[in-house]
Amino acid sequence: MAVIPVEHGLMLATVLFSIGLLGLLVRRNILYMLMSVEIMLNAAGLAFIVAGARWSQPDGQIMFMIILTMAAAEVAVALALVLRFYRQFQTLDTDAANTMRG
Amino acid sequence: MNFVNSLLWTIPALPLAGFITLALFGDRIARRSVSRIAVGTVSLSALLALVFAFRFVTAPPEGQAFQQALWSWIHVGSFSVDAALRLDSLSMVMVLVVTVIGALIHLYSTEYMADDESYTRFFAYLNLFVAAMLTLVLADNLLFLFLGWEGVGLCSFLLIGFWYEDPKNGRAAAKAFLVTRIGDVFMLIGMLLLFWHFGTLHIQTLLGAVNTEGHSWHLTLAALLLLGGAIGKSGQVPLQVWLPDAMAGPTPVSALIHAATMVTAGVYLIARMNPIFIHAPGIQHLVAVIGAVTLLIAGLCALAQRDIKRVLAYSTVSQIGYMFLALGAGAWSAAMFHFFTHAIFKALLFMAAGAIIVALHHEQDMFKMGGLRRRMPLVFWTYLIGSLSLAALPLVTAGFYSKDKILFEVFTSEHGKLLWAVGVAGAFITALYTFRMNFLVFFGTQKSEIHKGTGLAMALPLMLLAAGATVVGFFELPAVFGHFTLFSSFIEHTLPGTHGDHASHSLELMLMAVSTAAVFAGIAVAYFIWGSAAKKSSDVTKRPLSRLLASGMGFDWLYERAIVSPYSAGARANAADAVNALYTALVSGIEAIAFSLARTQSGRLRWYMAAIAFGAVVGILLVVYA
Amino acid sequence: MNSAQFTALAPLMVLTVAPIVVMLLIAVRRRHRVCLWATLGLLALTLALIVRGSGKAPVAITGLLLIDNFALFYMALTVSITIGVVLLGLRYMAHEESQPEEYYILLLIAAGGACAMAASSHFASFYLGLEILSVAQYTLVSYVRRDRRGTEAGLKYVILAAASAAFLLFGMALVYAELGTMQFDALAHAPAEQLQNKVVLLGAAMMFAAIGFKLSIVPFHLWTADVYQGAPTPVTAFIATAAKAGVFAVLVRYFAVENSYVAHSLHLFVAITAAASMLAGNALALVQQNVKRLLAYSSIAHMGYLSVAFLAGGQMANDAVAVYLAAYAAATLGAFGVIIAVAPHIHGGEGMERIEDYRGFFWAQPFLGTIFIISLLSLMGIPLTAGFLGKVYVVIAGAKDAHWIVLGILALSSVMGVVYYLRLILLVVSRPAVERPSLVPINPPLGAKSVLFLASVVTLLLGVYPAPLLAITRAINPF
Amino acid sequence: MILVWILVLPAAGGLAAYFAAGSNWRVARAILAASMAAPLLLLVWLWGRHSGFSDASRGTEWIGQFTIAWIPQRGIQFALAMDGLALLLSLLTCLVGLVVALSLNGSHKLPGAYALLLALLTTAMLGVFLASDLFLFFVSYEVMLLPAYALLIGWGHGDTRRAATRFFLFTQAGGLLMLVAILGLHVAHYQATGVQTFLYRELSNTPLSPQVSLLFLTGFILAFAVKLPLVPFHTWQPDTYASASAETTILFSAVMAKTAGYGLLRFAVPMFPGAAETAAPGVMALGVLTILYASWLAYGQTDLKRIVAYSSAGHLGYIVLGAFAMNDIGTRGAIVQMVCHGLSVTGLFIAVDVIERRTGTRDIEQLGGLWKISPRFGSLALILALATLGLPGLGNFVGEFLILTGTYQHHPLGAAIAAFGAVLAAAYSLRIVQKVFFGPPKEVTETSDSAAFPMTICAVLIAALVWIGFFPQPLLDAARTVRADRNEALVASAGEQQ
C-alpha cells in the first residue's frame, strides 16, 4: 500500500476547508450554511486523520470521532433553531435575521 | 547725631502711615482731621528732608550718602535683595522736590477738593503716591526702586480715574497704566539682564561692576531696556500718548504727579544708572535723539490744544524732552537742574490753572476764557511768572538758567549741533504756545462768569512757588554770569561732571543770544496771532494741520488702529476660543468613525463570517510571514 | 486513580453529575424552586471541593487534564460567577419562560465545560470543554421560546461558533501534523527550528483566531452585540464573564509563556487585534443607545485591554489576567445584575434596554442605582475600584516589554470609554423630568440583592485593599 | 502619624457634617470648619516647630513621614511625606478649605452632601500633596475627580453636564497617560534593580535611556498640562469654572490647579532632570503661549468668572516656567506663585460671588459703578485685581518676579516674552475694575453694603498677600523641595561639563 504523503492529505483538507468556508460566505440559506460548516469540520477531521497517520498514532482518529460527536450535537441544536427560525421568520434566508444591528 | 540719620526711613514712612490711617479709618475721621493727617505727614517728611539736606551740607555723611537697611526682602540662593534706603545728593534733590512741592500741593488740595465727596480717598491716594515716590528715589536697589516705580504708577492710575463715574476718566487711567507698564516690562527685563550678568541688583555694587567691565553688548542692551522703562514713565516718544489724557485727574494731581514728580522718574532712572549709559554711547545718543524729537513734537502739539491742561501736559512732555536731551548729551547736572526748576514752575502753572478752572466751574477750554487778568490778579501774576519761566525769559527766570545750561552743553557735546538747533526751535515753540495760552486766558474779553475766588490754601502755594520759579535759577549761574554752581557741585557728588566748562565765554554768550532771540520771537509771534482781541476768537482747529497737531500727531490714531483695536476686537471675536474647534473636530471625527463602525454591525451572518475569515487570513499572514 | 487525583478531580466530577441530577429532579417533578436549590447546592459543593482540592494540586490526570491551583482558581471563578448568575436570574427566567427549569441544566453544563477548559492540557480536552460550553450556550441564548431575537441570536451564534470551532480544529490538526503531539505544552515550548516550515505557526494562528472569536476580539467580534442583546440577560451575564474565564486560563497557561517562540510569533497579531479591540469597542459603545449592546461593545474593549496583559507573558501576564478578570467579572455581574433585576417589572417584562430609560434611576432605586454606579466606575477604571487595579496590572504587564504604542492607545481609548460610562452614570443620577415606569420601586429577591451587594463589595475591596487577592494570584502562578 | 491626621480630618469632618446637617446646619458648618481648621493649626505648628527652614546650612529635609504597606505584592505603600513644598500647599489647601467651609450658608440643596463632597475633595487634594508613593499620589490625583465631578453636576448652574464631562475627560486623558508613565517607571526600576517600589525617591534614581525618560516625562507633563491648564489643553477650564458653584470654583482654582504645579515641581522635573532639560524649551514655549493667549482671551470675555478663569490659566503658565527654569530661584518662585495665586484667586472668586449675589449678574457689560455703592468692597476687589496684574508689594509679584528671574538664566528670550504677560494681565484686570466698579452706577437689585463676611475674608487674604509681598522670606525659606537642591546641583554639574 502506497503511503499517501502528509502534504497531499493536508492539501486536500485545506481545499475542503476552503470550500466549506466559501460556502458559508456565499450561501444565504441556513441549511446550506450548516452543511458548509459541516464540511469545514470534516476537513479538520480529515487533517487530524492525516496527521495521526503521519505519526502512526490513534490520536488523530480519536479526535475525528470527538469531532463527529460534537458536530452531531451542534447540528442537533442548530436544526432545532432552524425550525424555530422558520416558524418565527417564515424564511430560511439568514439575511432576514438582521433585526438587531448598529 | 546717628539718631537723626536713623530716621531716614520715616521720610517715606510718614506719608505711608498717613495713607494707611486714611485708608483704614478714613470714613470715621472728620474732614478737618483728614487734611491735617495728609498735609501733616507730608509736611513732616518735607521738614525731615530739609534737615537731612542741611546735614548733608554741614556734616557730609560717609561716602556722600546716608544709608539705612530696613529689612531683608528676598533672599533665594544667589538672588538677594533687601529693602534698604540710600540718600545721596541726587536722591536729595528728588526727595526735596517731592516732599516740599508735595506738601504745597497737599495744602492746595485741601481747598481745591473741599467740595468733593471723596475727599478722604483723594488724600489717601495722594499720601500713598508721596510714599511710593520717595521709595522710588530712596531705594538702594533696583527691585525696591521698582516697587516705588510701580507704586507711583498705581497712584497715577487711581488719581487719573479719581472721578470714576465718568467712563472717560477710567479709560484715561487705564491707558496711562498700560502704556507705562509696557515701559515697565522693558525695565523689568533690563533688571533680569543686569542681575544675571552682574549677580546683583544693588545699585552701587552694580554701577561699580559696570565701571570695571566697561563696554559690552550686555550693557548696551541693558541701557536700551532701562531706556524703555524711562520713556514709558516720562512720556517720551513713542510712549508719550498717555500723558495728555492723564489730565482727566484732578488738577493738583496733574501738578504733582504728571508734571513735577512722577513723570520725571525716567529722568531720575537714567541719571541714577548713568554709568550704564556712558558705557553704551549709542544708546545715550538715542536718549538725546528721543528727547529732541519729543520736545519738538510735544511743543507743536501744545500749539493746537484748546484745553488749558492739555497745553500744560504737552508742555510737560516737551520739557522732559529737554531733560532727555540733556541726559543724552551727558549734561547730567543740567538735566537734573532743569528737572528741579521745571518741577517748580510747572507745578505753579498747573495750580494756577487749577485755580482758574475752579473759578470757572470746571471750564477748561481756553477759547471760553479770556480777560481774566483783572478779575484774578493773583492768579494772573503767578501764572505769568510760571509762563515766563517756562518760556525761559532771560535773566530773571529759573527756566532760563536751566534750559540755557542744557542748550549750551548740548552744543558743546559731540554731534550736538543739530540737537542744539532742535532745542532752540523748541524754545521758540515753547514761548509761542506759552503766550498763546496767556493771551487767550488773561487778555481780551471775558467770556465766563467767575464763581469762586481763590482762598488762602490755594494762594499760599502759588505765591511760594512763584517766588521759587524766580529764585532757584540763581542756584546755578552760567560761567559768563559769575559761574555760580551751587546746584551742580552738590549734584556732582553723585553724577559725573560736565564737559562744557572750558568752552569760551564768547561762544556761551552767542548761544545765549540765539536762544533769547528765539524766545522773544516766540512771544512776539504769539502776540501777533492771539494778542489782539479780533483774532482771538478765530478757531484754528479746523485746519488739517491743526487737527493733526491737536490729536497729538496721530500717535493715538496709529496705536488705536495698529494695536488696541486688533487686540480687543480679536479678543472679542475669539471670546469662544478657537482652540475649542480643535476638540470639536476631534469629537466629530471620532463620532463619524464610530458611526461607520456601527454600520459594520449589519446583523448579517455572512458579513460576520467574512470578517472572521478576513481576520483569520490577516492573522495568518502576520504570524507566518511577519 | 489515586486519592489525590480523585480529590483534585472531584469538583469537575460533581459538575458533570450535576446536570444529570437536576434533569432527574425535573423528570420526577417540575418545580422551579427545587431545581434552583439543587443547582445552588451542587455549585456550592463544587466550590467547596475546589477549595479542598487546592491542597492536593497540582495533579495531572492522564495527559488531558492538569489540575493545579491555576486551574482551580479559574474554576472557582467560573463556578462563583455561575452561582451569581443563577441567583440574579431566577426571577427573570421565571418571568420570561413558563418552563425555566432546564435553564439550570444548561448553565451547569456550560459551567462544566468552562471548568474543563480551564483544566485542559491537551487539544482534545480543550476542544471538548469548549464545545460543551458552546453547545450549552447556543441553547441558553435562545432559551426563551417566544423571543424572536433569541432565535436570531442563537442561530447566528451557532453557525459562527461552529465555523470558528472548525478553524480551531484545523489549526490543531496542523500543529499535530507537525509536532506529533497534542499536548499544549509541546506547542508552547516548540523550539524555533521546529517551526521552519511554518505549518505550526499557521496552525497556531488559526487556533488563535478561533480563540479570538470566543473572546470577541476585533475583527472576530461582530457577533457579540447581537448575541448579548438577543440572549436572556442572565445568559448575557454568563457569556460575558464565565465563558471568557476558561478560555483565558488556557491562553495564559500556554500562550503567555515567556521565551516561547510560538507566543512570540503571535505578538504582533495580538498587539494589533488588542489595539483594534480597544479602539473599535469603545468607539462602537460611544454611539450606542441600547444598554446591553453598549455593555457588549465595552466588553470587546475590555478584552482588548486583557490582550495587552497577555503580551507580557510569564508571571506578569498571570497576575494581570487574574486580577483583571476578577475585577471585570465583579463589575459586569453588578451591571448586568441591575439590568436583570429591573427587567421583570418594567415595560411588561421587556426591561430597560435603552440608556434613556435609566434617567433618574438612582433616585427611584437607590440600592440598585448605587450598585450600578459602582460597577460602571469600576468598568471605567476609576481608582479605589477593582477596575483600576486591573488596569494598573494590565499597564504594568504592557510596560514590561515597552509596548508604549499599545499602552498609549489603551490610555486614550479608555478616555472614550469614560465618555459613555459617564453618560450612563449621569443619566442614572439626574433628576427625572417626568414620571417614568422605571420609577416604580423594585425589590429584587434577597439572593439577587446579596449577589449584587457582594459584587460591589468585591469591586470596592479589590480597589481599596487588594493584597489578599494578589496573594492568591501569586499562589496560582503556573510558571 | 500627624500627617495621617491632617489627611483624614477634613474627610472625617465632612462625614460628621453630613450627618449633622440633617438636624442643625450651623452645627454642621462648625464641624466642617473645625475639621479644616484643625489640620491648618497642625500644619502651622509643624512649620513653627521645624527650625530647618531658615538654616541654609542644614539643607532641606523631611518634616514628617509616615509609611505602611498597602499592596505589598507590587511594593505599593501608603507613604506620606512632607517637606516645605508639601507643607505650604497643604497649608493653602486647609486655608482655602476653611474659607469655603465658613462661607457655606446652608442655602444649597442637600447641604450635608455638599459639605461632604467639599471635604472629600479637600482630603483628596491633601493626599496629592502629601503622598510620597507615586501610586498613592496617582490614586489621590484621580480620586479628586469624583467629588469634583459630583460637585459640578449636582451644584453647578448652566450647562454643567457639558462642562463637567469635558473636565472629566480632559483630566482622565492626561491622567491615564501619566499612569502609563508611572507604571512604566515602576517596571523599569524593577527591571533595573529587582526592587518593586513606587516611592518616588527610589524611582527618581532609575537608570533610563534618554528616549524612555523623555517618554515618561511627556506622560507626566501632559497630565499636568491638562490640569494646570496649559494652552492648548485649557478649553475645559473656563466652562467648568463658570458653571461650578462658588465654593467649588474656589477649591478648583485655588487648590486643584495647584496639584498640577505641585506635580511638575515634585515629580516631573526632579525625576527626569535630563529629559526635563530636553523638553524645557518646548514646555516653556507652551507656558509662555498660555500666559499670553489666556490673558488675551480673558480680555475678550464678559462673564466675570470666565475672565478670572482665563486669568488663572495665564498665571499658572508662569509655574511651568518656574518649574522648568531648572534652578532654585525658579522653583521657589513657582512655589510662592502657587501660594499667592491660591490666595488671590480665592479672593477674586469670593468677590465675583458677592457681585453675582448682589446684582444677579456676572456680565461686566451689565455691571458698573459698584464703587459708588460699596467703596470698601471696591477697594478690596481693586487690590485683588492689582495682585492679579502683579503689582510689587503684593505676593504675586514676588512669585512672578522670581520665576522670570529663574527663567532668564537659561531662557532669556522666554522670560522676556513672558514678562509682557504683565501688560496683558494689566489690560484685563483694569478692564474689570473699569467696567464693574467705575462708571456710573447701574441698576442693581440690592444696594446695601452688607456683604460683611466675605469682605472680611477678602481682607484677610489681602493682608496675607501684602505680608508676603513685603516679607516673603519665611515663605521663601519654607518653599523648598527636598529635590530642588539636588536638581540644581545636577544642572550645575551638567553646565560645567559643557
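Me: How many salt bridges are there between chain C and chain D?
Reply: The count is 0 for that pair. Keep in mind that this is a predicted model.

Me: And polar contacts, how many residue pairs between chain C and chain D?
Reply: There are 4 residue pairs in polar contact, counting pairs with both residues at pLDDT 80 or more.

Me: Which elements of chain C give two or more residues to the side touching chain D?
Reply: They are helices H14 (314-342), H16 (366-380), H17 (386-400), H18 (404-429), H19 (446-464) and H20 (467-475) of chain C. H18(C) gives the most, with 10 residues.

Me: How do the residues on that side of chain C divide into nonpolar, polar and charged?
Reply: You get 28 nonpolar, 3 polar and 4 charged residues on the side of chain C that touches chain D.

Me: How much area do chain C and chain D bury between them, and how many residues are in contact?
Reply: About 3,000 Å² is buried between the two, with 81% of it on carbon and sulfur atoms. In residues, 35 from chain C are in contact with 31 from chain D.

Me: OK, other chains now. Which chains share the most contacts?
Reply: Chains B and D do, out of the 5 pairs of chains in contact. On the chain D side 59 residues take part, and they are in contact with 55 residues of chain B.

Me: What's the buried area for chain D and chain B?
Reply: About 4,900 Å², with 71% on carbon and sulfur atoms. D:Trp296, D:Phe401 and D:Tyr408 supply 13% of the area that chain D buries against chain B, more than any other three residues.

Me: How many salt bridges across the interface of chain D and chain B?
Reply: The rule finds 3 salt bridges there. In a salt bridge between D:Arg376 and B:Asp27, the side chains meet at 2.9 Å, N to O.

Me: Which helix of chain D gives the most to the side touching chain B?
Reply: Helix H17 (residues 395-410) of chain D, with 9 residues. The residues on that side of chain D divide into 39 nonpolar, 15 polar and 5 charged.

Me: How many residue pairs are in polar contact across that interface of chain D and chain B?
Reply: There are 20, again with both residues at pLDDT 80 or more.

Me: What about chain A and chain D, how far apart are their nearest C-alpha atoms?
Reply: 25 Å, and the two chains do not touch.

Me: Let's talk confidence. What are the ipTM and pTM?
Reply: The model scores ipTM 0.90 and pTM 0.92. Chain D averages a pLDDT of 88, and 93% of its residues score at least 70.

Me: Which elements of chain D have the lowest and the highest mean pLDDT?
Reply: Helix H22 (residues 482-497) of chain D has the lowest, at 44, while helix H5 (residues 134-143) of chain D has the highest, at 94. Over residues 484-498 of chain D the pLDDT is below 50, and that stretch has 17 contacts in the model beyond near neighbours in sequence.

Me: Over to chain B. Where is B:Asn438, and is it buried or exposed?
Reply: B:Asn438 is in helix H20 (residues 416-442) of chain B. Its relative accessible area is 0%, so B:Asn438 counts as buried.

Me: Which side chain does the side chain of B:Asn438 make a polar contact with?
Reply: That of B:Ser387, at 2.7 Å. Leaving out residues up to four places away in sequence, B:Asn438 touches B:Tyr383, B:Leu384, B:Ser387 and B:Phe443.

Me: Last one: where is B:Ala313, and what does it touch?
Reply: B:Ala313 is in helix H15 (residues 308-328) of chain B. B:Ala313 touches B:Leu243, B:Pro244, B:Met247 and B:Phe350, with residues up to four places away in sequence left out.

Terms used. Residues are numbered from 1 along each chain as its sequence is written. Chains are lettered from A and ligands numbered from 1 in the order in which they are written. Side-chain values use heavy atoms; hydrogens and water are left out. Contact means heavy atoms within 4.5 Å. Buried area is the accessible area (1.4 Å probe) that two parts lose on being put together, summed over both. A salt bridge is a side-chain nitrogen of Lys or Arg within 4 Å of a carboxyl oxygen of Asp or Glu. A polar contact is a pair of N or O atoms within 3.5 Å; within protein, one must be able to donate a hydrogen and the other to accept it, and residues adjacent in sequence count only if both atoms are side-chain atoms. Helices (H or I, at least four residues) and strands (E, at least two) are DSSP runs, numbered from the N terminus. Ala, Val, Leu, Ile, Met, Phe, Trp, Tyr, Cys and Pro count as nonpolar, Asp, Glu, Lys and Arg as charged, and the others, Gly among them, as polar. Buried means under 20% relative accessible area, exposed over 50%, partly exposed in between (1.4 Å probe, protein chains only). pLDDT is the predictor's confidence in each residue, from 0 to 100.
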